[in-house]
Each structure stands twice: as structure tokens, then as C-alpha cells.
Amino acid sequence: QVQLVESGGGLVQAGGSLRLSCVAYGSIASINAMGWYRQAPGKQRELVARITSGDSTNYADSVKGRFTISRDNTKNTVYLQMNSLKPEDTAVYYCKVTYRSIWGREYDSWGQGTQVTVSS
């Protein structure tokens, strides 16, 4: 299995910016996709942004134009640049990676989550 190390969360005022990072460590043969999900209090976890091995991306409508996902394949790292943050963006953000191990098996792994709080 792999470990996902997330960083970059915190408290920010509305209109501010944060940059989340997630690094995957382990016996990885290849990564098919990496993404960010979030879960706000009282709500289900939802997809925020996703990027595939072919560098195609998709975003939730609520963040499109404000958030940008990118990856560094050589470092097994995914980033989420969050600009023009709104109080409604407040949530725990989770990194997810879909990868194939060196033994040929495919897995989904999740980070522990990082809190993003946007004040009004």
C-alpha cells in the first residue's frame, strides 16, 4: 500500500488563497489518477477536482474558475491551488490516488484529510 501525505490546509479569510499538496509514497508502478475531495459538516464527500495520467481534468461546478489541479508525475505529487475562497469552501479536503502497485494490483488510497476553513 501507499501513504499519502497532505499539507497546505488552514484558516483563511474570504477571497484569500491556499495551495494544497499531496505526495504519494510506496511501491507504486504507475498512477492512473489523482484528485481532491471534500466533506463539509452535515454533507457527503464530493469530488472537487481530478486529474488523470493523460492530464485530463475535471472540476466541480462550484469551484471551476477558482481552483486549479496539477500534478508532478516524477514526484507522485498532486496540487490544488485554491483562489477566491468562499465560506462555502470550508470542509475537510481529502487526497485520493488510484495507482497500480509493483505487483500489478490496482488500488485506491486516501489521505487523512486536511482542514480548510474560510471565514467571512
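**Note on the pocket, cavity and sheet**

1. The largest pocket is lined by R38, Q39, A40, K43, Q44, E46, S62, E88, T90 and A91, where a pocket is, on a 1 Å grid over the protein atoms alone, an open set of points with protein on both sides within 12 Å along at least five of seven lines, and a lining residue has an atom within 4 Å of a point. This is a predicted model, in which local features need pLDDT of at least 70 and side-chain atom pairs count only at pLDDT 80 or more, while totals for chains, interfaces and linings use all residues. Residues are numbered from 1 along each chain as its sequence is written, and side-chain values use heavy atoms, with hydrogens and water left out.

2. The space in this largest pocket comes to about 150 Å³, a volume being the space filled by probe spheres set on the grid points. Its lining divides into 2 nonpolar, 4 polar and 4 charged residues.

3. There is 1 cavity of 30 Å³ or more, a cavity being a set of points where a 1.4 Å probe fits but cannot get out. The largest cavity holds about 30 Å³ and is lined by Q1, V2, S27, Y99, S101, W103 and Y107, of which 4 are nonpolar, 3 polar and none charged.

4. An open antiparallel sheet is formed by 4 strands in the order 1-3-8-7, with strands taken as DSSP E runs of at least two residues, numbered from the N terminus, and paired if DSSP finds at least two bridges between them. Strand 1 (2–7) and strand 7 (67–72) are the edge strands.

5. Strand 1 pairs with strand 3 (residues 18–26) in the antiparallel sense over 6 bridges, and L4 has A24 in strand 3 as its bridge partner.

Terms used
Ala, Val, Leu, Ile, Met, Phe, Trp, Tyr, Cys and Pro count as nonpolar, Asp, Glu, Lys and Arg as charged, and the others, Gly among them, as polar.
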